[in-house]
Amino acid sequence: MTADTLLEVSGLGKRFGGFVALESIGLNVAEKERVGLIGPNGSGKSTLVNCMCGTLRNEMGSVRFAGQVLDGLSAHERTRLGLARSFQLPRPFNTLSLADNLRVPLLYSGRHGSQPIDARCMELLRVVGLADKSDRLPRDLTQIEMRKLELARAMAADPRLLIADEAMAGLSHAEVDDILSLLIQLNEQGVTVILIEHIMRAVMHFSRRLVVLVAGRKIADGDPTEVVRDPDVVRAYLGE
Amino acid sequence: MNGAKFVLLLLLTGAAGFGAAWLIGNAYLFFAGYVVLQYIALATAWNILGGYTGYVNFGTAAFFALGAYTTVVLHKLTTLPVPMMMLVGGLVSGIVGLGTGYLTLRLRGAFFSIATLALAVVVQTLITNWNFVGGSRGAYIVRPPTVPLLGIDYIQYLFLVMLVLVVIVLATARTIERSRLGYGFATIRDDEIAAEASGVPTLRLKLLATTISGAFMGMAGAPLPYYVTYLDPASGFSLAYAVNGVAMPLVGGTSSWLGPVIGAILLGTLQQVATVTISSALNLLIVGLMLVAFVIVAPNGILGLLQGMRERLRWHLAGRSRV
Amino acid sequence: MAGIPTSSRWMPRAAPDCSSQEPAHWPHSRIMEMSLDLLGNAVVSGVLLGGFYAAVTIGVSISFGMLDIVNIAHPAFIILGSYIAYIANATIGLDPILAAVIALPAFYVLGVAVYQIYYLAFERRGDEALRGLAFFFGLLFITEVLLVLVFGVDYRLVEAPYIGPTLHIGVVDLPLRLLVPCLVALVLVAGLQIFLSRTFLGRAILAVAQDQLALRLMAADPVRIKRIAFGLSIATASLAGAVLIVIQPVEPSIGRDYIGRIFAICVLGGMGSFAGTLVAAMTLGIVESFTATFYGPSWAPAVAFGFLLITLAVRPAGIFGR
């Protein structure tokens, strides 16, 4: 635990009835880190994100963010503290235009600076390449555009830490590079990023640290090149 | 158009309506007009919760009747001007709305809706068993001997009071729509989990919507005892309020303040006219059928249909201009 | 008043047997015996009532608990069943429960039709939360108003040989008008449970409740399964309705009294667990029975509502639920 630890997860456990989704998860993420989180489907990655962000309540363990204990805080309170996430399956506000979709976190996260909201909306849309569709509805978007909107909305909350949950699934090579450069750019601006992905090329390129989750347990946490050579990791996930 | 101009426009429209009815001189116009205004208030109040946040209240009758029976209680204890009664009625219904919400809004919307259905039954049972307000035999309310405003009769006075309430409710609904709060409500309706993740305090906003909606319903019900002069649970909790509260916004369109107004004027006038010719049960049956028909065929109500026509017209014209 | 009949035929004997030799200086034991009498009968009627409540709720355990369809119109179908039983009984003297069994296929078809509309208009569009609910409310409302138009607001009742006689076992009264419905209810619930766990179709329904994707992968059509299940759920309303009008006289607005009860039991019972539904129904039955005995029957809806609120506030997962 160093002075610039931003996110501290300790002993986190979550069950659904008899099913243990997460067991004893410990994870520290430092300011401005680029962390990759990988694991087979059903290993609990999204559950972990949901517990960290407050969408689900974990029964055991705790989460600290910027020194503050998050347990008991609702999801919107955690967002206001600077912890944002994008959803694996995009969840846009379907009756609001793209610009309005971004306006919501700007209005409610309490974190955007002095820049006027409309200007910030357009700036974010420009960054993700959706500026020309600002008054369209989400249903008019393609898959990748939805993913970009999802990321843009998380960015609109002006987070200190952004969790990107499988933002690249099903996208083409070029589209993956698109999103990747977006996240790298974000990180260079000072945002800590946790990238959850299956696309190993992207994960390896992006991560400075790699965490592996299998069947609700963390089995590896460290330098990416070493982690991918770890026999347990190869057996459980990569070797398939 | 900003808020103040909107209010002015509404007041002018209302004044024009009042003036027209005055000139025509038929007292029935004021009786019927009161009922239509009451439904505009009720439908708009419902829509602030149902249309904006997506949480469906089936207990409109309970909130409405609580306002009416608060007046009955106050009337037996003291003398207060009708607007004061409305404030108290609004307070009571608002608190009940807050309470119901507090107990159920942490869960999915269906549970809130079920709770409002059950609430309607319970409140009716409690009032029916409460002898102070007359129980099942009902209560007689004597109108005050003098009208607070000069030159008009009591029904015309109630008409004006309800008109002012309608202006307040519509102005509130419109203001909410265009404000930060309106965005928050819309996200609750669209995707509550994403809303929370975006920083929207969903529970707080839902409670706010439930309280405002309930309060306005209570205010709409408060003058009723003076209008009917005899109030019993059967009429206070009439099925008419239960179905109209839901049908009018859904038929008119839930996406803006204008929808419930259209629905209330359309269905309200229809029912006022029909009551003369057909039985009230048949009347209500028609409303119920219209509700089901619109919800299946035209989910965005009349506003949605108009919107669709406008878009098709625009398409058509755009095609034409390319020729 | 719904659920707790107040005719003197039903009320338990309040006075102890006067022929017993009680020492005069033990007045407390007399009161105790009197209360024990009342208590015992309150519990028994509660259990019998609970069995009936289970029959009333079981359809919603399927539609809401398993299929996640918020069918708030279920009481309307039950009342419809009551009136059909009434017509059969009043015109040709048919036993109400027999009439309900004969009407079962019709109710099943009705359920299938209703689900088809619901699916096409709402579930497929993802609009169940607002408009789907409003649709069912519309059905609930229309049914009540139609019944008022056709039958008026008078109470209707049926005649059957088991309405009236009471079995006396010790200090306990078992009115047949409560006992027979309870037995019918238990048979219904048991039958459905066997169907769900032993037949292929039944297991498919349970599968749909758990994981629609898996079902699709098995090349079974979830929509078809749900349609059948919803049909079954409405079919139970036929029997529930007949059993209702055996227990008490019926008029069109009674359906609304049952909404709170039905959903309270469904949630408390764990949303789809039949055993849980039975236990929850008995619990509510006993609590209502006690309230009726000691405070008067007009408080019944308040009891059910209180139950619902407590359940929602404390244990939305219910007793046996997920």
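**Exercise 1.** How many residues does helix H13 of chain B have, and how far does helix H13 reach from its first C-alpha to its last?

*Solution.* The model is predicted: local features need pLDDT of at least 70, side-chain atom pairs count only at pLDDT 80 or more, and totals for chains, interfaces and linings use all residues. Residues are numbered from 1 along each chain as its sequence is written, and chains are lettered from A and ligands numbered from 1 in the order in which they are written.

Take the helix as a DSSP run (H or I, at least four residues), numbered from the N terminus. H13(B) covers residues 258-277, which gives 20 residues. Next, the expected span is 1.5 Å times one less than the number of residues.

**Exercise 2.** Which residues of H13(B) are buried?

*Solution.* Apply the cut-off: 20 or more other C-beta atoms within 10 Å of the residue's own, with C-beta atoms placed from the backbone. The residues that pass are B:Gly259, B:Pro260, B:Val261, B:Ile262, B:Gly263, B:Ala264, B:Leu267, B:Gly268 and B:Gln271.

**Exercise 3.** Describe the side of chain B that touches chain C.

*Solution.* Count contacts first (C-beta atoms, placed from the backbone, within 7 Å). 34 residues of chain B meet 34 of chain C. Helices H4, H5, H12 and H14 of chain B each supply at least two residues of this side. H5(B) gives the largest share, 13 residues. Then sort by class: 27 nonpolar, seven polar and no charged residues. Here Ala, Val, Leu, Ile, Met, Phe, Trp, Tyr, Cys and Pro count as nonpolar, Asp, Glu, Lys and Arg as charged, and the others, Gly among them, as polar.

Key. Two residues are in contact if their C-beta atoms, placed from the backbone, lie within 7 Å. A residue is buried if 20 or more other C-beta atoms lie within 10 Å of its own, exposed if 12 or fewer, and partly exposed in between; C-beta atoms are placed from the backbone.
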